[in-house]
Amino acid sequence: MSWYRANRWWVLRLARLPLDIFVFGTIAFFLVRLLPGDPVSVALASRSGTVTAESIAAVRTQMGLDGTVWDQLVRFWGGLLHGDLGHSLVTGAPVVNEVFSRLPSTIELIFLGLVGAFVLCLVLGFLYLRFANRALRAGIRVYASLATTVPVFVVAIFLIVIFYVVLDWLPAPLGRVSGVLPVVTGFPLLDEGLTGSWDMFGQTLVQYIMPVGAMVLTYTPNLLTQFIGGLDRELVQPTTRFQVAAGVPRRWIFFSVFRRSLSSVVVVFGLFFGSLIGGAVTIESLFGFGGIGALGVRSVQSVDFTALQGFLVVVAVCLVAMLIVDLVNMWLDPRRRPGIESEAN
């Protein structure tokens, strides 16, 4: 078998990524232009001074709205390929700088929430598989049945009321730390560790308890539903029965069932990343974190056209996450690789 035939499952998926990003970026371009009203008039209304034809033309050019829509699209992609998304109408700073100064803190928050949900899912899945206790299994199934029924902001508010208002065990949800964060990579916890700011590191960890806890409690049932379904299905598969009949050690049978059941969990895990980018708007607003979600909210409130466009483009990072999910999924379960059925036939 040639190298290409053996590796085309990831080569083709990797080659499709630029096309996916192009389609997503173009949709984001037209989506922003479908917003009702004239953004130039809204932007000028918030400024002092006399509005002249020259000032209107200047703002229109600053927003990238001069020329035909196709001219704007060409300039948009030309700027994007050179890392230029224009300047924010509120702060005057390059939108690229605004986005990349905020994105790492949002990714850090989402990463902690997803890893926490994944680990809790694995622990509960192990308990479900290892112990035949009916009460334990029923409790895990009831928790899994809560999937998609409770929004993350409801759980977050519930945690704030209990642990801050009633019990007073955790500090007020007013941001990560009191003071100026050290900036090395943009990831708050990592930067605090790299610079030896352990007081801030501890404060940030404490401030993360409620938002990360809300994400873990909200998203674990979705993963658990897929995982338990996969465990029940794989336990009765001929492969598992053959392993039992052949006297394979119990721990290796558990490992095999776990591995085969994880493929559907990985798919949902990737879908969560995209939804959490959107959910970050809610979480960061509730807990006073100044991440990418706060930039999106500010852009809408102030009609910061260029910043809003940059915010939508950055969401394309979800496509990279989905690429990783697809590759991991096909690695875990080779039956999902494209063309595998035709080769088998």
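**Note on ring pairs, salt bridges and cores**

1. Phe 76 has a relative accessibility of 7%, so Phe 76 counts as buried. This value, like the others in this note, comes from a predicted model.

2. The structure holds eleven aromatic pairs. In one of them, Phe 29 and Phe 76 are tilted, with 5.4 Å centre to centre and 40° between the planes.

3. Tyr 208 and Phe 289 form an edge-to-face pair, 5.8 Å centre to centre with 85° between the planes. Here too, distant parts of the chain are linked: Tyr 208 is in helix H10, while Phe 289 is in the loop between H12 and helix H13 (292-301), 81 residues apart. Both Tyr 208 and Phe 289 are buried.

4. Which residues do ring pairs link into a cluster? They are Phe 22, Phe 29, Phe 30, Trp 70, Phe 76 and Trp 77.

5. Helix H1 (residues 3-15) has a kink of about 55°, centred on Trp 9. Trp 9 is buried, as are Asn 7 and Arg 13 of H1.

6. A search of the whole structure gives five salt bridges. One joins Arg 260 to Glu 234, at 2.7 Å from N to O. Its partners come from distant parts of the chain, with Arg 260 in helix H12 (residues 250-287) and Glu 234 in helix H10 (residues 198-235), 26 residues apart. Arg 260 and Glu 234 are both buried.

7. A second salt bridge pairs Arg 102 with Glu 98, and its closest N and O atoms are 3.8 Å apart. Because Arg 102 and Glu 98 are four residues apart in helix H6 (residues 95-130), about one helical turn separates them. Both are buried.

8. Asp 66 and Arg 75 also form a salt bridge, with the closest N and O atoms 2.9 Å apart. Are these two residues buried or partly exposed? Asp 66 has 26% relative accessibility, so Asp 66 counts as partly exposed. Arg 75 is at 39% and therefore counts as partly exposed as well.

9. How many residues make up the largest nonpolar core? It has 43, and those with the most contacts inside it include Leu 109, Tyr 219, Phe 227 and Phe 287. The elements giving two or more residues to this core are H6, helix H7 (134-144), helix H8 (152-166), H10 and H12. Another core, of eleven residues, lies apart from it; Val 95, Val 96, Leu 295 and Leu 308 are among its members.

10. Beyond residues up to four places away in sequence, Phe 287 touches Ala 156, Ile 160, Pro 173, Leu 174, Gly 175, Met 210 and Pro 211.

11. Leu 235, in helix H10, has a relative accessible area of 33% and so is partly exposed. Its contacts, neighbours within four places in sequence aside, are Leu 129, Thr 240 and Val 257. Leu 235 and Val 257 are 22 residues apart in sequence, and their C-alpha atoms are 6.7 Å apart.

12. An unreviewed UniProt entry places "transmembrane region" features at residues 12-32, 109-131, 143-167, 205-224, 265-287 and 307-328. In the model, residues 12-32 are 95% helix and 0% strand, with the end C-alpha atoms 31 Å apart. Residues 109-131 are 96% helix and 0% strand, and their end C-alpha atoms lie 33 Å apart.

Definitions and conventions: Residues are numbered from 1 along each chain as its sequence is written. This is a predicted model: local features need pLDDT of at least 70, side-chain atom pairs count only at pLDDT 80 or more; totals for chains, interfaces and linings use all residues. Side-chain values use heavy atoms; hydrogens and water are left out. The bend at a residue is the angle between axes fitted to the seven residues ending there and the seven starting there. Buried means under 20% relative accessible area, exposed over 50%, partly exposed in between (1.4 Å probe, protein chains only). A salt bridge is a side-chain nitrogen of Lys or Arg within 4 Å of a carboxyl oxygen of Asp or Glu. A nonpolar core is a set of buried Ala, Val, Leu, Ile, Met, Phe, Trp, Tyr and Cys residues joined through side-chain atoms within 4.5 Å. Contact means heavy atoms within 4.5 Å. UniProt positions are given in the numbering used here, feature names are shortened, and annotations may be inferred rather than shown by experiment. Rings of Phe, Tyr and Trp (its six-membered ring) pair if their centres lie within 6.5 Å; planes under 30 degrees apart count as stacked, over 60 as edge-to-face and the rest as tilted.
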